[in-house]
Amino acid sequence: MVSKIELILTHLKEEGSISGLEAMQRYNLYRLSSTIHALRRRGHLITTEMIKRHNDVEYAQYTLIHSDDVKKGEDNA
């Protein structure tokens with residue numbers, strides 16, 4: 001079984017970015033920020049951009065800048 005961390009890392013490598021809503025809809029993942037934090041601790045460079053929608057709702061969009069699998073196998077949340 002693929003861990004949430006590996007699932008999101010694969011998505012970021014293939015798609016470039018992900019939002020919390022997309023993570024919920026596609027992967028049934030409700031704590032994307034926690035998963036992003038774990039990826040950053042592993043050495044992956046991920047930026048956060050706050051997007052403001054027309055109805056003044058803001059959400060985070062995470063984008064993979066650089067991937068460095070230095071701690072592969074740890075933090076398999």
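**Close-up views of a predicted model**

**View 1. Packing around helix α1.** The buried residues of α1 pack against β1 (17-19), α2 (20-27), α3, β2 (45-52) and β3, as seen in this predicted model. Within α1, the buried positions are Ile5, Ile8, Leu9, His11 and Leu12. Viewed down the axis of α1, these buried residues fall within an arc of 160 degrees, so they line one face of the helix. The helix α1 comprises twelve residues and reaches 16 Å from its first C-alpha to its last, close to the 16 Å expected at 1.5 Å a residue. After α1 comes glycine 16, whose phi is positive, near 95 degrees.

**View 2. The largest nonpolar core.** This core has 15 residues, and those with the most contacts inside it are Ile8, Leu12, Leu32, Ile36 and Leu39. The elements that contribute two or more residues to this core are α1 (4-15), α3 (32-41) and β3 (58-66). When residues up to four places away in sequence are not counted, isoleucine 8 touches Ile18, Tyr27, Leu29, Leu32, Thr35, Ile36 and Leu39.

**View 3. Strand pairing along β3.** The strands β1 and β3 run antiparallel and are joined by three bridges, and in β3 the bridge partner of isoleucine 18 is tyrosine 62. Eight bridges join β2 to β3, and this pair also runs antiparallel, with threonine 48 standing opposite tyrosine 62 in β3.

**View 4. The hairpin turn.** A hairpin is formed by β2 and β3 with five residues between them, and in the turn aspartate 56 has a positive phi of about 65 degrees.

Notes: Residues are numbered from 1 along each chain as its sequence is written. This is a predicted model: local features need pLDDT of at least 70, side-chain atom pairs count only at pLDDT 80 or more; totals for chains, interfaces and linings use all residues. Side-chain values use heavy atoms; hydrogens and water are left out. A nonpolar core is a set of buried Ala, Val, Leu, Ile, Met, Phe, Trp, Tyr and Cys residues joined through side-chain atoms within 4.5 Å. Buried means under 20% relative accessible area, exposed over 50%, partly exposed in between (1.4 Å probe, protein chains only). Helices (H or I, at least four residues) and strands (E, at least two) are DSSP runs, numbered from the N terminus. Contact means heavy atoms within 4.5 Å. The expected span of a helix is 1.5 Å times one less than its number of residues. The arc is that of the directions from the helix axis to the C-beta atoms. Two strands pair if DSSP finds at least two bridges between them.
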